[in-house]
Amino acid sequence: MSGGLSNVNHMDNEHGFPDPELPENLSHLADIPELALAWDHAVASRRETARQFSALLDYRNRCREEAAGRHLFARSAADQAAVRDAGLLLGLGERTATIILNQAAEVREVLPLLWARFQAGAVCLDRLRKVAAATVPIADREDLLAVLDQEVSQLAAAMNPGELKHWLARRIPELDAQLYEQRAARAKEDRYVRIEHLDDGMSFIEALIPTAEAVALQRRLKAVARSMNLPQPADEEQDSRPGGEAAGHPGAAEGDDRTLAQKEADLFSAWLRDGRCYGAPVSAKICVMVSEETLTGQSNEPALGADRSWVLPAADIRKLATDPGAEHEWYAALTRKSTRGADRDILAVVYSGRFAPERLKDAIIFRDGICQAPGCTAPAERCDLDHIVPYDRDGPTSAENLWALCRRHHKMKSHGYLPAPPREPPDAGADRPEPRAEARAA
Ligand SMILES: [Zn+2]
């Protein structure tokens, strides 16, 4: 970084790594002296972490080499001892140390460009680990790993951990749609529910179920829990809540001081216990983006959730699209493949029929996907629609002048701490229109 504010990172130039600049989306922060200094220290600290891990991996390799030729159990014990030593040094348990060292070793071996960025101080250990964890499905595909390495080494530094996780979730299925489709079909066979009883009279429920169902469940829980403050029709039968409270059924509104999380948990168990659906009838709305080729079966490119954080296998979205019990609304979108590979920028969303605010809102959910504040990954479906030019200053209620902002960033913008980014003209590098589906599961 220029500015001569510190000399922290310059000493590392003899290792051949150029000093990483602040990512472009954060470059304005480099003008603030305290933040520029903090960035220099962050770079230096990441470089130190990278050296630390290089040394630990070298040590582990040396222990392995020294035990080579011995019995399998002896070799395994030598490796475990090396990991234990590394764990002691890092202040971590053996289990955690094993996971972290395996991830670092994998990146050093199969993602050399990303490893170089780690050593240069551009990418932190947390991001490195996220990438390593996400590559499991393509672990034996050197060709795909090379493509991913090329892309992720360019992008990882500019994304926060949440953005990176979502990007990986989209990009890895896309690298080989066929492979993903096969893995997704196999993965369904492993579905289960596990109930574990804990202390304090509480239990834990874990379920591995297809994402299409989990998203519908999540949307429905949120929608019903939020609607509970509205007056509810009384159920004829009283039903006690878990915990023995006599406050009536889980949809009770009178004097209800439960948090949203508590309401969701109560609904979840009530629905499972007797199959009745308490609360106002609310449908679960899922916004999904899908190409025409996937719908017609010409392609197995997976569908993408509107917030770009999850993907659905092609077979699942075709099933959802033809489900007679679901209500569908279709939007055609003008898209462009961005340099981020998995990201499809939606430049314009067209909805058929007469203008209705709900459809404009949906269109912006598809276009923005997430809160538009830099680094925020709150889904647009749970955001406010903010007028970029305020309504009382003649800002129109139109797609061009509306953007999704989560409540927190909406407030920040209202106080003048969040400038609106300049929008590209909608026809720049536009791709052909692709249909996008919005499904309302009944
Ligand atoms: Zn936000």
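1. Which residues point one way from strand 3, and which the other way? Ala284, Ile286 and Val288 point one way, while Lys285, Cys287 and Met289 point the other way, and all are buried (20 or more other C-beta atoms within 10 Å of the residue's own, C-beta atoms being placed from the backbone). Strands are DSSP runs of E with at least two residues, and helices are runs of H or I with at least four, numbered from the N terminus.

2. This is a predicted model, in which local features need pLDDT of at least 70, side-chain atom pairs count only at pLDDT 80 or more, and totals for chains, interfaces and linings use all residues. Residues are numbered from 1 along each chain as its sequence is written.

3. Strand 3 (residues 284–289) is largely enclosed by the rest of the structure, because six of its six residues are buried. Strand 3 runs antiparallel to strand 4 (residues 303–305), and two bridges join them. Val288 stands opposite Gly305 of strand 4.

4. Leaving aside neighbours within four places in sequence, Ala156 is in contact (C-beta atoms, placed from the backbone, within 7 Å) with Leu114, Arg117, Val123, Arg127, Val131 and Leu164.

Technical notes. A residue is buried if 20 or more other C-beta atoms lie within 10 Å of its own, exposed if 12 or fewer, and partly exposed in between; C-beta atoms are placed from the backbone. Two strands pair if DSSP finds at least two bridges between them. Two residues are in contact if their C-beta atoms, placed from the backbone, lie within 7 Å.
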